[in-house]
Amino acid sequence: MRHLLNREPEHQTESLTQVYELGKWHESRGHLEEALKCFKQGAVPAKLVNTSAGTPQTQKELALNWIEYGRLSARLNNYEEAERSFRQALCFGMPYTATALKEWALLLHRQGISDSNIFSQLSKELSSYSIAPSVFGCILTEIGAYKEAVISFNMSEYTDTQSGIDHVRCLIIDGQLNEAMDLLIYLNHKRTPFDWKWDEQYEFISLATFLCKWRLSGSLPYLPASEDDRLKLARAALSVGMISEAEFILSSEGELGEHALIYFLYSEGYIALAETRLQQLPDLTQIQLSPYGTKVQFIAAERLYDLHEYEKASKMFENIRLSQSEHTNARFGEAACYLQSALLSLSSRVNRINCSRTIKEQAMEYMNSINAALHIVENTNWHTTWTPAQRRRQHGIGQTSLLN
């Protein structure tokens, strides 16, 4: 097993693609310094120093290696090197320019730089690299800089419905409901029969229009007759910060509504609110099997895992796995618990017992193998993840609660 976990790919790293793939392989196993070297090698190959040279495929490979080198540098807290890498990746044109600018914005946000300063610094790059303001607006939306995103969106005309929807979200969260309504009407009239995403987009436009009318009028005209439609409306409300509306919509749905609300709150980044409601539930192991009941159990197991209560978490993941064998994330969560417990046990034994250097080295080898396995499990993305904008909701940013 150890041999399999630590065996490197058999191919020779001659092309930029192979260098990139080897870098991703090392990163997935926690070999971060080795991965960094691979991405740097792929970003600045010995035989191709001029970044404007080569085929479109070569340009793609160079751009991807620069972006990954920047991401990993940021992960290793080398912020200056990361910023230089993202600036370099801007040179390769779309879509790499947009990806690099997004990573740059995330880097600045991670450093605690204010939204207004991020907007001021990065907006200077728009004209130099032919970046549309609407693209910049979508990037600012992802980090939760809603006010600045609105400014950027206001400088552009839409070429796609999704950018308009992102603009609507920002306007609602920023409290500009009349402006949001005007834009929703425009997007609704802009419908084309050839837009394959239209059904999903129209659903949000319809739900957002309902919510804005509710807020603006101060009274609820009606609630959808269908349970499924009420659940969708509540989820849409939380996605634009309307917590009170979501609570009201689900308040008459009984146990299903409470479970759905906890799941929606948690998924949208309102972790503290979700956890408060979770703690008020009776014995979680007695929750009847249902789509949202299982999701609530999984959230409870995740929270235990995040609090390093691996034994308790593993039992909850096991219960989910035994009741629903197709629940893959529960399987990976259970495996992660066992691996974390093994690491803690080995580390404790090494620090507690006086043993020979050989035994300590052997224990460290075991720990490295377990770490590699843990990285593989984590790369399955079994754990809930949140966008930077959603993470800010944990601290109250982006929340509105103006229900009349």
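Reader: What share of the 404 residues in the chain do buried residues make up, and what makes a residue buried?
Author: In this predicted model, buried residues make up 48% of the 404 residues in the chain, and a residue is given that word because its relative accessible area is under 20%. The chain has 21 helices and zero strands, and among its contacts with a separation of 6 or more, 59% are between residues 24 or more positions apart.

Reader: Why is Ser 73 called buried?
Author: Ser 73, which has its place in helix α4, residues 56–75, has a relative accessibility of 2%; the limit for buried is under 20%, and Ser 73 therefore counts as buried. Leaving aside residues up to four places away in sequence, Ser 73 touches Leu 36, Asn 78, Glu 81 and Ala 82.

Reader: How do you know that the side chain of Ser 73 makes a polar contact with the backbone oxygen of Tyr 69?
Author: The side chain of Ser 73 reaches that backbone oxygen of Tyr 69 at 2.8 Å, and because a polar contact requires a pair of N or O atoms within 3.5 Å, one able to donate a hydrogen and the other to accept it, the pair of Ser 73 and Tyr 69 qualifies at 2.8 Å.

Reader: What makes Arg 215 buried, and where does Arg 215 lie?
Author: Arg 215 lies in helix α12, residues 198–217, and its relative accessibility of 7% is set against a limit of under 20%, so Arg 215 counts as buried. The side chains of Arg 215 and Glu 245 are joined by a polar contact of 2.4 Å, a value that lies within the 3.5 Å cut-off. Arg 215 and Met 242, which are 27 residues apart in sequence, are 9.4 Å apart in space from C-alpha to C-alpha.

Reader: What makes Asn 77 and His 308 exposed?
Author: Asn 77, in the loop between α4 and α5, has a relative accessibility of 53%, and His 308, in the loop between α17 (291–306) and α18 (310–323), has a relative accessible area of 56%; the word exposed applies over 50%, and therefore Asn 77 counts as exposed, as does His 308.

Reader: What is the phi of Asn 77, and what is the phi of His 308?
Author: Phi of Asn 77 is near 65°, a positive value in a residue other than glycine, and phi of His 308 is likewise positive, near 65°, again in a residue other than glycine. Most residues other than glycine have a negative phi.

Reader: How do you know that the peptide bond joining Met 94 and Pro 95 is cis?
Author: The omega of the bond that joins Met 94 and Pro 95 is about 0°, and the bond is cis. Most peptide bonds are trans. Pro 95 has its place in the loop between α5 (79–89) and α6 (96–110).

Reader: Which residues have the most contacts inside the largest nonpolar core?
Author: The largest nonpolar core has 115 residues, and those with the most contacts inside it are Leu 101 and Ile 172. Not counting residues up to four places away in sequence, Leu 101 touches Leu 90, Leu 122, Leu 126, Ile 131, Phe 136 and Ile 139.

Reader: What is the volume of the largest pocket, and which residues are closest to its centre?
Author: The largest pocket has a volume of about 980 Å³, and of the 28 residues that line it, Arg 75, Asn 379, Asn 381, Thr 385 and Arg 391 are the closest to its centre. The largest share of that lining, six residues, comes from α6, and the lining divides into eight nonpolar, nine polar and 11 charged residues.

Reader: What volume does the second largest pocket have, and which residues are closest to its centre?
Author: The second largest pocket has a volume of about 380 Å³, and of its 14 lining residues the closest to the centre are Thr 141, Asp 166, Arg 169, Thr 387 and Gln 390. The largest share of this lining, four residues, comes from α10.

Definitions and conventions. Residues numbered from 1 in each chain as written. Predicted model: local features only at pLDDT ≥ 70, side-chain atom pairs only at ≥ 80, totals over all residues. Heavy atoms only, no water. Helix = DSSP H or I, 4+ residues; strand = E, 2+ residues; numbered from the N terminus. Buried < 20%, exposed > 50% of the residue type's maximum accessible area, 1.4 Å probe, protein only. Contact = heavy atoms within 4.5 Å. Core = buried A, V, L, I, M, F, W, Y, C linked by side-chain atoms within 4.5 Å. 1 Å grid on protein atoms, 1.4 Å probe; cavity = no way out; pocket = protein on both sides within 12 Å on 5 of 7 lines; lining within 4 Å. Points joined across faces, edges and corners; volume = space filled by probe spheres on them. Nonpolar A, V, L, I, M, F, W, Y, C, P; charged D, E, K, R; others polar.
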